[in-house]
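New notebook page. I want to see how the parts of this protein sit against each other.

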Amino acid sequence: MFSRILIANRGEIALRIIRACRDLGVSTVAAYSQADRNATYLKFADERVCIGPAQSAESYLSIQNIISAAEIKNVQAIHPGYGFLAENPSFAEICHSHKIAFIGPTVDTLKLLGDKFQARKIARDNRVPVVPGSDSLVRDEVEARKVAGNIGYPVIIKAAAGGGGRGMRIAHNDMSLANAFFVAQGEAKAAFKDEGLYIEKYIERPRHVEVQILADHHGSVIHLGERDCSIQRRHQKLIEEAPCPSISDSTRDYICRAAVKLARSVGYRNAGTFEFIVDRKGNYYFIEGNARLQVEHPVTEMVTGTDIVKEQLRIASDEPLRLKQKKVKVQGTAIECRINAEDASNGFAPSAGAITKFHAPGGPGVRIDTYVHHGYEIPPNYDAMIGKLIVHQASRDEAIACMRRALHEFEIEGVKTTIPLYQRVFTDSAFVKGEFDTGFIEDLLERNR
Ligand code: MV4
């Protein structure tokens with residue numbers, strides 16, 4: 001195991017990694033920006049190092065500053081957390097060239113999964129279902145029209161370099177296709193400097209189900225079951241649960257095996273996720289792979305009794321996985337609510353500022369992953385997620401009751417949060433029955449207008 005690592009991230013995930021490291025006896029160096037210099041969680045790391053000003057581009061996204069900090073602090077490895085540089089192949093490559101382990105998959109895997117069209121091709125080659133669509137990148141609207149003619153409308157145009165909902169455009173007919181293509185191409189060029197586009201049949205109101213994978217450097221690849229991440233708004237997930245309440249055991253079995261097969265075929269190492277969409281008939285399609293630790297990893301930890309961050313550290317330090325697939329058991333249901341400092345009743349406007357009251361819930365089955373506290377001032381420079389409330393119970397109904405109790409106890413004042421929205425979700429009869437898809441939140445907001 002490593003004796004010392006650098007954490008190139010902030011907030012709740014930096015603290016989550018600090019905690020895993022302390023349990024393992026790994027000493028931590030927390031990299032922080034000037035906006036975070038007074039954050040309490042920094043005290044829980046063994047050492048701290050400033051990597052630049054508040055702007056992410058000059059701190060948490062600055063490869064140069066982070067590598068310099070790692071060199072000065074003489075660490076053996078860097079944990080990138082999620083977001084920022086977590087899936088940046090150049091960053092991983094530069095870590096390696098400085099003899100610093102990157103706690104994540106290989107450079108080649110990062111490149112491959114970063115190209116969503118390549119990932120789709122690999123899935124198809126491995127007979128994992130993908131949404132009907134183009135077999136090659138689509139160069140112009142003439143080609144696009146040809147593909148759309150074959151698969152039928154509606155279609156979705158996706159940027160190969162996109163993902164997570166960025167660089168996508170839907171077209172319902174030939175008329176709107178040309179414009180959608182043009183806009184998607186412009187966006188892809190501007191946002192990713194890569195204008196590669198491909199087309200798929202657009203699946204309306206799918207459910208979003210993703211499989212958690214662990215893969216070591218010794219040929220072992222296992223899955224830890226799936227999570228439902230359909231409760232989201234504009235591609236920002238809000239609530240996740242494990243297991244998915246609306247798929248059959250055979251679908252579950254298929255997607256979990258498919259994810260293991262895909263992980264093997266891309267030479268996956270470390271923790272990772274393979275994302276599927278499931279339509280109303282229960283058809284499932286691979287859409288993309290996520291080569292990082294994810295925000296919602298705790299729901300999988302709770303139902304499987306694992307610690308995914310510790311597993312990442314063990315894998316990166318070349319230890320073989322001790323957990324065998326046959327020993328992985330999913331017990332009960334876990335649900336996570338992302339607590340965002342946003343005003344859900346006002347278009348999710350960010351609500352930075354001082355937290356004047358903070359009382360976190362507790363009791364049986366409740367886990368809080370947060371870095372904030374009473375008196376903490378939320379900097380305006382980063383995303384709005386201030387923490388996660390996770391519950392775990394023997395059944396889904398009990399998990400919902402536990403979440404209602406926890407939301408009822410949660411007191412945050414000084415900033416607006418997404419808690420009131422969640423109180424509505426957990427009393428919604430369709431949600432309680434497990435009958436929801438990626439359109440759920442939009443519908444809920446529409447109904448309450
Ligand atoms: C789709 C789709 C429908 N049809 N692809 C959005 C995020 C990115 N990972 C892929 N996404 C989608 N791809 C086809 N062919 C619908 C979505 C989608 C979605 C997927 C997962 C979670 C939430 C979503 C919300 C809207 C659209």
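Before I start: the domain bounds I use here come from an automatic or database domain assignment. Also, I'm looking at a predicted model.

Entry 1, the parts. I looked up the domain assignment and got domain 1 (4–103), domain 2 (132–201) and domain 3 (207–447). I picked domain 1 and domain 3 to follow up, and their C-alpha centres lie 23 Å apart. The contact between them draws 31 residues from domain 1 and 29 residues from domain 3.

Entry 2, the buried area. How much area is buried between domain 1 and domain 3? I found about 2200 Å², with 60% of that coming from carbon and sulfur atoms. Then I checked who loses the most area on the domain 1 side: Glu12, Arg16 and Tyr82, which together make up 27% of what that side buries.

I went through the interface of domain 1 and domain 3 for salt bridges, and the rule finds five. I also noted the pair Asp23 and Lys310, a salt bridge whose closest N and O atoms are 3.5 Å apart. For polar contacts between domain 1 and domain 3, I get eleven residue pairs, both residues at pLDDT 80 or more.

Which helix gives the most to the side that touches domain 3? My answer is helix H1 (residues 11–24), with eleven residues. Sorting that side of domain 1 by class, I wrote down 16 nonpolar, eight polar and seven charged residues.

Note on methods
Residues numbered from 1 in each chain as written. Predicted model: local features only at pLDDT ≥ 70, side-chain atom pairs only at ≥ 80, totals over all residues. Heavy atoms only, no water. Contact = heavy atoms within 4.5 Å. Buried area = accessible area lost by both parts, 1.4 Å probe. Salt bridge = Lys/Arg side-chain N within 4 Å of Asp/Glu carboxyl O. Polar contact = N/O pair within 3.5 Å; in protein donor to acceptor, adjacent residues only side chain to side chain. Helix = DSSP H or I, 4+ residues; strand = E, 2+ residues; numbered from the N terminus. Nonpolar A, V, L, I, M, F, W, Y, C, P; charged D, E, K, R; others polar.
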